Amino acid sequence: MNKPLAIVLGGGKGTRLFPLTKERAKPAVPFGGKYRLVDIPISNCINSGIRQVYILTQFNTASLHNHISSTFIFDVFSNGFVEILAAEQTFDNNSWYQGTADAVRKNFYHFHDQSPSHYIILSGDQLYRMDLAEMLNKHIESGAEVTIAATPVSRQNATGLGIISADKKGRAVSFIEKPDPEDDISHMSFDRSLLPENQPKVDLSKEYLASMGMYIFNAKTLEKVLDNNYTDFGKEIIPIAIGERYVNTYIFTGFWEDIGTIKAFYETNLNLASLTPAFNFYDEKRPIYTHRRHLAATKMNFCTISQSLAAEGSIITNASIVNSVIGIRTLIESGANLDGVYCMGANFYETWEQKKENEEQGIPNIGIGRGTIVRKAIIDLNARIGDGCRLGIDPIGRKDGDYGYYWIVDGIIVIPKNGIVPAGTII
């Protein structure tokens with residue numbers, strides 16, 4: 001009987017998403033106004049009938065633990081679970097995870113308790129909706145030891161991804177990790193007869209197959225290919241496996257986006273609020289699950305709002321909001337103007353007593369103050385933006401760096417979690 005076990009790679013320090021990962025693990029970063037990044041791979045597993053999931057991570061795991069423990073609770077009859085395996089010291093090993101492959105290797109003794117037939121390896125920082133059960137069935141039908149999920153990409157986009165060369169039957173025959181723009185990889189273009197008929201059509205400019213960082217291994221195969229000191233799947237394990245074993249490709253042509261950088265994270269979030277978003281959150285048959293907060297509906301008083309999302313529990317008064325995502329419990333005061341902003345919201349509502357203390361201490365309340373204008377920014381949870389601030393409204397170049405109470409990353413202003421921006425601030 002097939003018994004797949006899903007493993008979500010939560011990443012290390014999450015440096016590409018810093019400062020959003022300054023106080024939390026990468027999978028716990030808020031996304032889409034009300035979700036967390038980890039909700040995406042877990043939801044894909046649940047929708048595919050895969051109910052045994054481990055999350056591997058090692059940095060700032062407290063908020064991730066809280067989210068997982070309060071969200072993904074299975075009944076006793078399903079034998080399902082979602083558990084976090086953080087790096088731990090044992091008598092046999094006292095080191096941190098050295099890479100994605102090393103993280104899996106060090107947890108085999110946990111995995112063995114489930115007696116899995118297959119391991120499904122997933123990334124914790126991608127946005128997609130895939131039937132993993134279909135991928136598993138194709139893997140079994142092919143007779144392969146390993147299957148790599150692959151998506152068609154253009155030559156321009158191939159530079160930042162691992163490119164797979166497959167024969168006419170879909171078997172992977174070679175692999176190049178992030179080829180340079182000047183490299184000739186024309187010999188690696190794929191046969192378009194491999195494209196699945198039950199998935200969206202593919203533009204002719206997409207001639208190459210890129211690894212999505214998602215793999216299925218036969219259980220015994222995974223233990224064999226990790227019986228060494230190699231630490232990374234993409235750079236080491238997969239290229240070696242392609243050369244030594246039967247590795248198949250599973251081509252996926254639906255929406256897939258790596259959101260592991262600040263720029264990609266920002267652009268992907270704002271795209272959700274566009275007229276025709278690339279990813280559809282409004283799919284009742286295959287939803288993305290998250291924590292139930294039982295908050296009141298968002299209240300909007302005398303507002304102008306266009307191409308924006310507003311999560312539950314927010315109160316927005318006399319504001320202009322364009323091309324933005326407003327997270328849970330966001331309080332936006334009169335006269336505020338947001339354009340191209342992802343505001344994550346807050347974990348709690350401040351009481352009148354707390355607001356009085358804020359006034360006495362000379363700090364703003366949580367939320368966006370009166371008359372404040374914000375452009376092209378990410379505002380993390382529980383941030384306090386004072387009255388009359390001007391953030392990013394001038395069309396000038398902003399040098400990336402740490403500026404004390406805010407960061408500039410890829411030209412995007414990032415206000416960190418619990419950040420304080422005093423009234424009248426200009427950035």
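Are D102 and K106 buried or exposed?

Modeller: Both D102 and K106 are buried. Buried means under 20% relative accessible area, exposed means over 50%, and partly exposed is in between (1.4 Å probe, protein chains only). This is a predicted model, where local features need pLDDT of at least 70 and side-chain atom pairs count only at pLDDT 80 or more, while totals for chains, interfaces and linings use all residues. Residues are numbered from 1 along each chain as its sequence is written, and side-chain values use heavy atoms, with hydrogens and water left out.

D102 and K106 are partners in a salt bridge, with their closest N and O atoms 2.9 Å apart. The term means a side-chain nitrogen of Lys or Arg within 4 Å of a carboxyl oxygen of Asp or Glu. The structure has eleven of these bridges.

Next, take E350 and R384. Their closest N and O atoms are 2.9 Å apart, in another salt bridge. E350 sits in the loop between β21 and α10, and R384 in strand β24, so the pair ties together parts 34 residues apart in sequence. Helices (H or I, at least four residues) and strands (E, at least two) are DSSP runs, numbered from the N terminus. E350 and R384 are both buried.

Now D387. This residue bridges to R370, again with closest N and O atoms 2.9 Å apart. D387 is in the loop between β24 and β25, R370 in the loop between β22 and β23, 17 residues apart. D387 is partly exposed, because its relative accessibility is 30%.
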